[in-house]
Amino acid sequence: MATALRRLGRRMAVPFFRVREFSASTSVLQNEQSGKSMNLYTAINHALHIALETDPRAYVFGEDVGFGGVFRCTTGLADRFGKSRVFNTPLCEQGIVGFGIGLAAMGNRAIAEIQFADYIFPAFDQIVNEAAKFRYRSGNQFNCGGLTVRAPYGAVGHGGHYHSQSPEAFFCHVPGIKVVIPRSPKQAKGLLLSCIRDPNPIVFFEPKWLYRLAVEEVPEDDYMLPLSEAEVIREGSDITLVGWGAQLSVMEQACVDADKDGISCELIDLKTLIPWDKETVEASVKKTGRLLISHEAPVTGGFGAEISASIVERCFLRLEAPVARVCGLDTPFPLVFEPFYMPTKNKILDAIKATVNY
Amino acid sequence: MWSARSKAIGDYVKRCVCSNGRFMAGLVDHRSNPFGSSLASGVAETSRHALPFPCNMAAPFLVRRFESTLAGKQLELLHAGDADDDQALDFPGGKVTYTPEMKFIWENYVKRVPCYRVLDENGDQIMGSNFKEMSKEVALKMYNDMVTLQFMDTIFYEAQRQGRISFYMTTIGEEAINIASAAALNDDDLVLPQYREPGVLLWRGFTLQDFANQCFGNKDDGGKGRQMPVHYGSKKHNYLTVSSPIATQLPQAAGIAYSLKMDKQDACVVAFIGDGGTSEGDFHAGLNFAAVMEAPVIFICRNNGWAISTHISEQFRSDGIVVKGQAYGIRSIRVDGSDALAVYTAIHTAREMAVSEQRPVLVETLAYRIGHHSTSDDSTKYRPLDEIEYWKMARNPVNRFRGWIEKKGWWSEKEESELRISIKKQVLQAIQVAERTEKPPIAELFSDVYDQPPDNLREQETELRETINKYPQDYPSGFPF
């Protein structure tokens, strides 16, 4: 596994695939005058440096993290903080998460890396049956709230079945954990620091397509962004679009194109998938009367279904059209067919038009 | 870093212009001979005394067609290899000697790994046995707790049969492992139980009332009534809460132990598991992580012959569990689990090694599960009654230890009958109190999922309270609103 991953990691350095522009939210860019231009993996790296620096009980570990990680997110950490706090583990995801739970149970900040979200499944039992229930089952005598599991997720242009998946929905069915996905470098740094310091176990999925491609001004200081708070990153009046992670950049392009056709789109970044901010989405849909959700994961059983059901419950009489979902197909993630599988800008644009003209 | 990089690699690197930093950075640490300590030696017994323990009978009768890889021969080769680099392969992880012989390591064993014991079936010390001395006070507390465990098991089991509690699991047959291991540990050693180790909690002061409260899931249960009976846990007693999944606690044990190591604590982690659990992936993860991280964990595998109805011959083809330790680079010992003195001595020694040398240790105890797996199981459906009776009568760990303390002059028939009357009374009293105590309040259904209840849980709690008000007949009574 590791060999394949290292290979992919190296290939990531050369973005030979079609460049996918990321335009961060205008509000972020306008608000943030100071800071340093950096990409997403560097922002993650900054967050990890700060986490280790500000808490002597913080640890970073996982496959190949010692030399900087296959995506370079842990660069420089072992040199600066020592191999007892930043270290390689055996290639065993259930071991990594189980070890992290134990470490966290002793009051440490255990920051575990799963090299790809596609490989998180051996650790599913540790996350679902152990981490998520650790506090509840002990009557709050014990908790592993210091655990943060980081994993790169999502399409990357050449990842095939096992370097492309978006498994977030599996984890959104588990009371006791939080699931967080950032859309940009600035968001990644602030949200990751919040996750690391939050007193609950968290699965933090990083959009690997954006590791190098997304670049924005990121404050160099220590800052945190709130969890379970969605953000309206583009205001509009005709339809609400909800997404997270890398998909937001595709959705924003669709919003721009729809605007040319006179359709005003409101775009919301959910950021935290559980427990999620229903109020922000509800308020937006009550204003626009329409909702579209888009994610890379297969449409059936995806988290879009949960959002759709919840919003229909709350906004039924305000809805002008059925809730639209533009998502991945119900196939395994396919290598050469990736462009066909993906919820592309024009698929979203069509769905926007169909919903507005319903 | 290699402590002494070999001449062969040195020569190669000099020749090789394109060598890179990564190649140079092999992380190999030559440790001292792991078998050098006299602490680990057990007492081998003659076959006359061999335990009739359930085993895979096929293996000892296999014909050995190739010469076995005897440790002595390997040692000779190693020394020969040291003398001449051409006879050895410099490989990441250390030097490996070459051999012209095409020889497989044979899968079976000539003789099973012997089982360390101190007391015979009557509680007489075996001649030449070495063991850790214990005071009269410790011995009597051990015996008291073993008898208490038996009474608790018998009466709680009956309570389940009467429908007063929903479920129960007994420890019958494994009382010595429970109590003697606890006695050999320090109370600040962290215990990660499987589920058949309530004796450790008992030893540490968890009261009969605490046990009963958990089994009845009342408001005084530290777990707030959320888990099935026997899923005990107590922060005060450094005993992490039982979870039903098998072996998940083993990689967690490595993480907890790593934290102790980083904090330079004079304590270790003790993780229990059964024979069935060794087939789980987490067994591998836990042992391998503990070995690699040099974490002070004592893994105690209670090999009791049966995983519900699965006999150990259907569980693995190895000579039990003790042999698995070496493959992970973990020091290991097999102990007679019905012999409290042997368990006490082995765990005491394992603890010393774990804490002072910062390493994991594996202890396999052999003691039969005399009870059913749980109250949901009838083990007479899959194993012969006479096998159960044999272990219950002839190899009973509590009787054996009683024999020893009586021969020491520390215990009498009079004290025995007083103890039994007293404990029975205490257990019955605890059950009555627990049964009368009200259930935890409804609010506890929603607390502790997260540190603070999120909006969805607040909404659900409000809705549920409305429903309870509307249809009180649908819900059990005794839950404070």
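B:Asp263 and A:Arg57 form a salt bridge, with their closest N and O atoms 2.8 Å apart. A salt bridge here is a side-chain nitrogen of Lys or Arg within 4 Å of a carboxyl oxygen of Asp or Glu. The rule finds 2 salt bridges across the interface of chain B and chain A.

This is a predicted model, in which local features need pLDDT of at least 70, side-chain atom pairs count only at pLDDT 80 or more, and totals for chains, interfaces and linings use all residues. Residues are numbered from 1 along each chain as its sequence is written, chains are lettered from A and ligands numbered from 1 in the order in which they are written, and side-chain values use heavy atoms, leaving out hydrogens and water.

**Interface of chain B and chain A**

- Chain A brings 46 residues to the contact, and chain B brings 46 residues. Contact means heavy atoms within 4.5 Å.
- About 3,700 Å² is buried between chain B and chain A, and carbon and sulfur atoms give 59% of that area. Buried area is the accessible area (1.4 Å probe) that two parts lose on being put together, summed over both.
- On the chain B side, B:Gln252, B:Phe289 and B:Tyr450 lose the most area to chain A; together they give 18% of what that side buries.
- Between the chains, 21 residue pairs are in polar contact, both residues being at pLDDT 80 or more. A polar contact is a pair of N or O atoms within 3.5 Å; within protein, one must be able to donate a hydrogen and the other to accept it, and residues adjacent in sequence count only if both atoms are side-chain atoms.

**Chain B side of the interface**

- Helices H8 (249–262), H9 (281–292) and H15 (455–470) of chain B each supply at least two residues to the side that touches chain A. Helices (H or I, at least four residues) and strands (E, at least two) are DSSP runs, numbered from the N terminus.
- H8(B) gives the largest share of that side, 9 residues.

**Nonpolar cores**

- The largest nonpolar core has 129 residues, and A:Phe205, A:Leu270 and A:Ile307 have the most contacts inside it. Such a core is a set of buried Ala, Val, Leu, Ile, Met, Phe, Trp, Tyr and Cys residues joined through side-chain atoms within 4.5 Å. Buried means under 20% relative accessible area (1.4 Å probe, protein chains only).
- Helix H3 (residues 40–54) of chain A gives the most to this core, 9 residues.

**Chain A**

- Chain A has 15 helices and 14 strands.
- Of its 358 residues, 64% are buried.

Definitions and conventions: Buried means under 20% relative accessible area, exposed over 50%, partly exposed in between (1.4 Å probe, protein chains only).
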